[in-house]
Amino acid sequence: MIKLSILIPIYNVEKYFSRCLDSLFHEQAKDLVEYIFVDDCSQDESVNILKTYMCKHPEENIRLITHEHNQGLAAARLTGITHAEGVYVWCIDSDDWIENDAIDILLKNIGDERLDIIWFSAKWHGGENYNRRPKTNADTILYNLAWASIWSCITKKDFLLKNNILPYIGYNYGEDFNMTARMACMTNSTKQIKDILYNYRRESSGSYTDLCVNKNREMKLLLEKTRGTLNVINYYRSQNKFDKHRRAIFFNQANMLNQLKRYNIDCADETRQLHDNMNACRMATRWFDLIGDIAGYKIQRYYIRILRRIFLMF
């Protein structure tokens with residue numbers, strides 16, 4: 001029985017892909033793990049590199065799925081989730097790598113399969129190297145107090161399908177937030193382990209991440225991120241979770257609105273939706289409670305300044 005499906009989108013990562021592949025294959029766990037690679041029409045030698053590894057490791061359960069045309073990171077991850085046969089899925093970026101004992105540790109923690117999500121720590125590489133441990137509740141994600149990347153956890157596939165928590169096709173910038181904010185909102189059973197299992201490469205030319213930080217596309221990507229965030233808030237409404245997280249939602253929407261104004265992005269419909277969400281939060285919560293809640297979460301001064309600007313609008 002497959003316990004863990006490891007899902008890896010491929011797009012122009014030939015420079016880093018070999019290190020990722022070297023870290024993945026685990027002969028002792030071959031009956032419990034499958035690897036699903038999704039070629040999103042990569043234009044370099046990444047796929048040929050993978051095929052070479054597939055020949056070297058015929059004993060491993062490896063599948064390569066090819067998109068007919070480039071669809072983006074969200075669509076590639078959705079393809080992987082759809083084809084996964086494992087109880088749990090793990091989305092890995094093809095320019096990153098995992099620790100040697102990562103699969104062993106995760107298989108031990110899966111246990112009786114009652115957990116929806118198992119979170120773990122990661123090490124960031126590029127510039128100043130440091131370790132990060134995710135904070136895994138919905139409020140800290142909405143408050144932007146914690147990073148919660150989709151690769152920093154494994155998730156039960158049935159949990160994702162049951163709660164309709166799947167990638168938003170076409171929303172590739174902020175895609176991790178779109179997934180993890182909904183996951184943290186809906187789960188009743190999670191676990192966080194201290195082990196560092198993942199290595200994240202902050203900068204890699206040609207990868208999905210590189211596309212997202214291209215300054216020439218910054219305004220377009222910010223608008224895409226805003227629309228994805230609005231979809232997340234609509235999801236909270238549909239699941240009757242809006243009121244429970246209204247303070248964090250208020251801050252999240254205020255932050256998005258401030259970013260749009262700072263870049264002078266003309267998006268009347270999105271701006272109206274952000275205002276509507278904030279007004280809905282404000283009507284249900286006293287201003288004093290909103291401010292006190294933010295202080296309680298020890299928001300950085302930068303975010304306090306954002307919120308003060310928003311207050312002047314009302």
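The legends below describe several close-up views of a predicted model.

**View 1. The largest cavity and the residues that line it**

A search of the whole predicted structure finds one cavity of 30 Å³ or more, and the space within the largest cavity comes to about 40 Å³. Rolling a probe the size of a water molecule over the atoms shows where empty space is left. The lining is formed by Ile81, Val89, Cys91, Ile150, Cys153, Thr155, Leu160, Met179 and Met183. Two or more of these lining residues come from each of strand S4 (88-91), strand S8 (153-156) and helix H7 (175-186). Sorted by class, the lining holds eight nonpolar residues and one polar residue, with no charged residues.

**View 2. The aromatic pair of Phe25 and Tyr53**

A pair of aromatic rings is described by the distance of the centres and the angle of the planes. The count for this model comes to 10 aromatic pairs, and one of them joins Phe25 and Tyr53 in a tilted arrangement, with 6.5 Å from centre to centre and 40° between the planes. Phe25 belongs to the loop between helix H1 (17-24) and strand S2 (33-39), while Tyr53 belongs to helix H2 (residues 46-56), so the pair ties together parts that are 28 residues apart in sequence. Phe25 and Tyr53 are both buried. Phe25 also has Glu60 at 7.3 Å, taken from C-alpha to C-alpha, although the two residues are 35 apart in sequence. Glu60 sits in the loop between H2 and strand S3 (62-66), and its relative accessible area of 8% falls under 20%, so Glu60 is buried.

**View 3. A cluster of rings, and charges placed over ring faces**

Trp90, Phe120, Trp124, Trp151, Tyr198 and Tyr200 are linked by ring pairs into a cluster. Lys56 lies over the face of Tyr53, at 5.6 Å from the ring centre, and Arg182 lies over the face of Tyr235, at 5.7 Å from the ring centre.

An α-helix has 3.6 residues a turn, so residues three or four places apart point the same way.

**View 4. Val33 in strand S2, shown together with Met1**

Val33 has its place in strand S2, and because its relative accessibility of 1% is under 20%, Val33 counts as buried. Along the sequence Val33 and Met1 are 32 residues apart, whereas in space they are 8.7 Å apart from C-alpha to C-alpha.

Notes: Residues are numbered from 1 along each chain as its sequence is written. This is a predicted model: local features need pLDDT of at least 70, side-chain atom pairs count only at pLDDT 80 or more; totals for chains, interfaces and linings use all residues. Side-chain values use heavy atoms; hydrogens and water are left out. On a 1 Å grid over the protein atoms alone, a cavity is a set of points where a 1.4 Å probe fits but cannot get out, and a pocket is an open set with protein on both sides within 12 Å along at least five of seven lines; lining residues have an atom within 4 Å of a point. Grid points are joined across faces, edges and corners, and a volume is the space filled by probe spheres set on the points. Helices (H or I, at least four residues) and strands (E, at least two) are DSSP runs, numbered from the N terminus. Ala, Val, Leu, Ile, Met, Phe, Trp, Tyr, Cys and Pro count as nonpolar, Asp, Glu, Lys and Arg as charged, and the others, Gly among them, as polar. Rings of Phe, Tyr and Trp (its six-membered ring) pair if their centres lie within 6.5 Å; planes under 30 degrees apart count as stacked, over 60 as edge-to-face and the rest as tilted. Buried means under 20% relative accessible area, exposed over 50%, partly exposed in between (1.4 Å probe, protein chains only). A charge sits over a ring if NZ of Lys or CZ of Arg is within 6 Å of the ring centre and within 35 degrees of the ring normal.
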